[in-house]
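Subject: Structure for you to look at

Hello,

Here is the structure you were expecting.

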Amino acid sequence: MEIIRVSDVYYEYENPDEPADMAVKGVSLTVQKGEWLSIIGHNGSGKSTLVKLLNGLFLPKSGAVLVDNIDTRDEQRIWDVRQKVGMIFQNPDNQMVATIVEEDVAFGLENLGVPPQEIQRRVYQALKAVGMTQYAASAPHMLSGGQKQRVAIAGVLAMKPDVILMDEPTAMLDPSGRREVMDTVQRLHEEEGMTVVLITHFMEEALRGDRVIVMEKGQTVMEGEPAQVFSQVERLKDIGLDVPPMTELAHRLRAHGIDVHGAPMNVEEMVEELCRLKQEN
Amino acid sequence: MLKDITLGQFFPGNSAVHRMDPRVKLMLMVVYIALVFLVKGFLGYAILAAFIAGTAFLSRIKPKFLLRSVKPVLFIVVMTFVLNIFFYRGEELLFQWWIIRVYKEGIRFAVFMALRLVFLLVGTSLLTLTTSPMALTDALERLLKPLNAIRFPVHEMAMMMTIALRFIPTLLEETDKIIKAQTARGADFDTGNLLQRAKAMVPLLVPLFVSAFRRADELAMAMEARCYHGGTNRTRMKQLHVTGIDYAGIAVVAVTTGLVLLERLL
């Protein structure tokens, strides 16, 4: 079942300070319920702009974005759209409003006018889902970056969204915080069936998804399963993107006449593939 | 190091005073301030002192912390005292030298004024020591709600205060970072006269302001993404309830008020 449909959307910044190459030029895509879609592309490819179109923070200049069949331009139902499509931003500090963790998680629910008892129940559930219950009464500035992002995820989860949009949620985190956040998202995706749209420039994060879209100059240029997309090493490099190391190794081995099948994504898969080849010979 | 800072001077605890409804505490504080100005004689101050001592004892706040609130304004207290001694013109002359005349009434008045300031400071700091800034903001928003009728943006003011409180530690941390970065590049914040030091602040303030504006922009977008649309139809997770402790507090203040009024009449 499709939850988001983007059809032939154009968007450009009216502010002359914003570079024109951050615009979105004729993008069409769908997001299916329960899938994990990763969007990659280098800086200025329009991927951040695209994701802000998905929950009505930006409205398309032409074309349309439908969330659960609601047009994001429908002013009457914009709050429905934003409840259905929650968003996590890059900077963990700049998306927390309250001085206490549990109150920050409650912020969205308070805006929706949910009754107090129900808010308390849902806040506790959401904090539990991201493993942050013991920090419920802490101040945000006492938390690590990874913990702050988990609180932000809890704040979105509490609103019971259909989709979680994430705009480079790990870009400002250290490696352990990055793992912490990605593991949380993966668990929500696998166990709760949460639909995830992840923008990232870390290829290993994109690998975790079901589908990858590559953007360049405001357009989608490649689309498919991670293995499919990452096997096209030359093309990705032309666009200016890094390729996961093992995928690149496979590509180089093939260039030297060693017939590595598929696109191994991590060391284990590579070892398996090489052992298979060794047995064959 | 900067992470240890507490917001305001709130001293977390679970005493009866801490657990009182912040709205009730705020209103009782207004009554207390009025009492401080109503007091006429030393007996009245003794009554107020007993009230403050009792509340402080219940709140388990150390007297040291209470008196600390007087320290930053000690200069003003002393100045008030000294000026009142020298400029008050009474009848009973105690001391005269050159143009300085000290009257008995002057000393009495000066002592009262100083006591009045001290009682104001200690009383209000008892409120801020036992009530978190968040709770105070919340109480203020709810108490001022009737002002919505004259289009005073109560909710927006409270939201601004909350956000300011939330970002104080964040901006402090950032200031610390910028100071280090600029020092590493040879900036000097500690030497020179007042003007030179003020000038040295420019490379600190400019990046701080730029980043604060960027943060504000991003925060606004994050708030919109979480369906923030002002105070209309908004509910709150934390409900405030007036409980037995609050009635007890109101009773204590009522008795104190009665005693002070009695003292004034006698």
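Predicted model: local features only at pLDDT ≥ 70, side-chain atom pairs only at ≥ 80, totals over all residues.

The interface

In the contact between the two chains, 31 residues of chain B meet 41 residues of chain A. The area buried between them is about 3300 Å², and carbon and sulfur atoms give 58% of that area. On the chain B side, B:Arg166, B:Arg226 and B:Met237 lose the most area to chain A, together 27% of what that side buries.

There are seven salt bridges across the interface of chain B and chain A, and 16 residue pairs are in polar contact between these chains. The elements that give two or more residues to the chain B side are α8 and α10 of chain B. By class, that side has 16 nonpolar, six polar and nine charged residues.

Helix α10 of chain B

This helix covers residues 202–225 of chain B. Its 24 residues should span 34 Å at 1.5 Å a residue, and the end C-alpha atoms are 35 Å apart, which agrees. Its buried residues are B:Leu204, B:Leu208, B:Ser211, B:Arg215, B:Leu219, B:Ala222, B:Met223 and B:Ala225. The cover over them comes from both chains: it includes α2, β6 and α3 of chain A, together with α8 and α9 of chain B. After the helix comes B:Cys227, which has a positive phi, near 70 degrees.

Salt bridges

Over all chains, the structure holds 31 salt bridges. One of them crosses between chains, from B:Arg166 in helix α8 of chain B to A:Asp93 in the loop between β6 and α3 of chain A. The closest N and O atoms of B:Arg166 and A:Asp93 are 3.6 Å apart, and both residues are buried.

Within chain A, the side chains of A:Arg150 and A:Glu180 meet in a salt bridge at 2.6 Å, N to O. A:Arg150 is in helix α5 and A:Glu180 in helix α6, so the pair ties together parts that are 30 residues apart in sequence. A:Arg150 is buried, with a relative accessible area of 13%, whereas A:Glu180 is partly exposed, at 23%.

A:Arg276 also forms a salt bridge, with A:Glu273, and their closest N and O atoms are 2.8 Å apart. These two residues are three apart in helix α11 of chain A, and about one helical turn separates them. A:Arg276 is partly exposed, with a relative accessible area of 29%, while A:Glu273 is buried, at 12%. Elsewhere, salt bridges that share partners join A:Glu110, B:Asp138, B:Glu141, B:Arg142, B:Arg234 and B:Arg236 into one network.

Two single residues

A:Val233 is in helix α9 of chain A. A:Val233 counts as buried because its relative accessible area is 2%, under the cut-off of 20%. Apart from neighbours within four places in sequence, A:Val233 is in contact with A:Val243, A:Thr247 and A:His251.

B:Ala200 lies in helix α9 of chain B and is buried, with a relative accessible area of 14%. With neighbours within four places left aside, B:Ala200 is in contact with B:Asp188 and B:Phe189. B:Ala200 and B:Asp190 are ten residues apart in sequence, and their C-alpha atoms are 8.8 Å apart.

Regards

Conventions:
Residues numbered from 1 in each chain as written. Chains lettered and ligands numbered in written order. Heavy atoms only, no water. Helix = DSSP H or I, 4+ residues; strand = E, 2+ residues; numbered from the N terminus. Expected span 1.5 Å × (residues − 1). Buried < 20%, exposed > 50% of the residue type's maximum accessible area, 1.4 Å probe, protein only. Contact = heavy atoms within 4.5 Å. Buried area = accessible area lost by both parts, 1.4 Å probe. Salt bridge = Lys/Arg side-chain N within 4 Å of Asp/Glu carboxyl O. Polar contact = N/O pair within 3.5 Å; in protein donor to acceptor, adjacent residues only side chain to side chain. Nonpolar A, V, L, I, M, F, W, Y, C, P; charged D, E, K, R; others polar.
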